[in-house]
Amino acid sequence: MPRLPRVKCEDAMYHIMCRSISETDLFRCDEDKAYYIALMKKYSDRFQCNIYAYCIMTNHLHFYMDPRGFDISSFMKHLNCAYVAYYNRHHNRRGPLFQGRFASKIVDSNTYSLVLSAYIHNNAGDLPGYTGREELYPYSSYGIYTGQRKDCEGVVETGYILEQFGRTEESAREKYLAFVRSMRD
C-alpha cells in the first residue's frame, strides 16, 4: 500500500520530527548534535527559512519552522542527507540512519504554536540532570529563549514567540519561562 502524500501548504509553519532507525542512536556524542544544529543553520540560511524552536535528543529531534514558502521536503532532504553523510563517515558506518521519512504537522493556530514551543522546550526534561532545568540543556533553543545562553549558531528566531509574551525582552523571557514550566505535564 503506498504511503499517503505529505500535507503541505505554501504559507504553513511546521512541527518537524525525526527518529533514528532501529536501536541506533541518531546522535552518539555532543559533536554530532552540534553538527546537526550547524546544518540547520546552513540550510535555514540557504533556503531563507525560520527556525523557532528545536531540541536535539539522542534518538530523535523536534523543531518548529517556518519554511517561508520553501518546500519542507526539499529542506529536510538537504538537511538529513548532509547529516547522514557526516554521521556515516564520522562513525565508520553505512546505510540509513533515520526511521522512514520525517514526520511533520502543520501549525495551524497561535495556541498550537505556543504549546508546540513549550512541548519542544520541555523535551530535555526526560534527560538525567535536566528535569526541572530544561533551559540548561545545550542542544535545545530553550536556553536562548530564557537568556541562559547566547545563540552562537544564530539558528533560532526567538522574536516570533517572545513578542507574544511581553513588550520588553526581559518581561517576555520571564513570562515565557513561566509558561513553559506550566506546560511540563
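# Reading salt bridges, strands and the core

Analyst: In this predicted model, D45 and K41 form a salt bridge in which the closest N and O atoms are 3.0 Å apart. Both residues belong to helix α1 (residues 30–46), where they sit four residues apart, about one turn of the helix.

User: How exposed are D45 and K41?

Analyst: The general idea is to look at relative accessible area, with buried meaning under 20% and exposed over 50%. D45 has 44% relative accessibility and therefore counts as partly exposed, and K41, at 23%, is partly exposed as well.

User: How many salt bridges are there in the model, and which parts of the chain does the pair of E135 and R181 link?

Analyst: The count comes to four salt bridges. In one of them the side chains of E135 and R181 meet at 3.2 Å, N to O. This pair links distant parts of the chain, since E135 lies in the loop between α3 and α4 while R181 lies in helix α6 (residues 169–182), 46 residues apart. E135 is buried, with a relative accessible area of 8%, whereas R181 is partly exposed at 37%.

User: What separates E169 and R173 in helix α6?

Analyst: Because they are four residues apart in helix α6, about one helical turn separates them.

User: Why is strand β1 described as largely enclosed by the rest of the structure?

Analyst: A strand can be read residue by residue. Six of the seven residues of β1 (residues 13–19) are buried, so the strand is largely enclosed by the rest of the structure. β1 pairs in the antiparallel sense with strand β4 (residues 103–107) over five bridges, and there H15 has K105 as its bridge partner. β1 also pairs in the antiparallel sense with strand β3 (residues 60–66), over six bridges, with M17 standing opposite H62.

User: Which residues have the most contacts inside the largest nonpolar core?

Analyst: That core has 59 residues, and those with the most contacts inside it are Y36, Y54, F63, F75 and Y83. Helix α2 (residues 72–90) gives the most to this core, with nine residues. Leaving aside neighbours within four places in sequence, Y36 is in contact with residues including F27, F63, M76, Y83 and F98.

User: Is S140 buried or exposed?

Analyst: S140, in the loop between α3 (110–122) and α4 (142–146), counts as buried because its relative accessibility is 0%. Its side chain reaches the backbone nitrogen of Y142 at 3.1 Å, and, neighbours within four places in sequence aside, S140 is in contact with Y54, C55, H121 and R149.

Notes:
Residues are numbered from 1 along each chain as its sequence is written. This is a predicted model: local features need pLDDT of at least 70, side-chain atom pairs count only at pLDDT 80 or more; totals for chains, interfaces and linings use all residues. Side-chain values use heavy atoms; hydrogens and water are left out. Buried means under 20% relative accessible area, exposed over 50%, partly exposed in between (1.4 Å probe, protein chains only). Helices (H or I, at least four residues) and strands (E, at least two) are DSSP runs, numbered from the N terminus. Two strands pair if DSSP finds at least two bridges between them. A nonpolar core is a set of buried Ala, Val, Leu, Ile, Met, Phe, Trp, Tyr and Cys residues joined through side-chain atoms within 4.5 Å. Contact means heavy atoms within 4.5 Å. A polar contact is a pair of N or O atoms within 3.5 Å; within protein, one must be able to donate a hydrogen and the other to accept it, and residues adjacent in sequence count only if both atoms are side-chain atoms.
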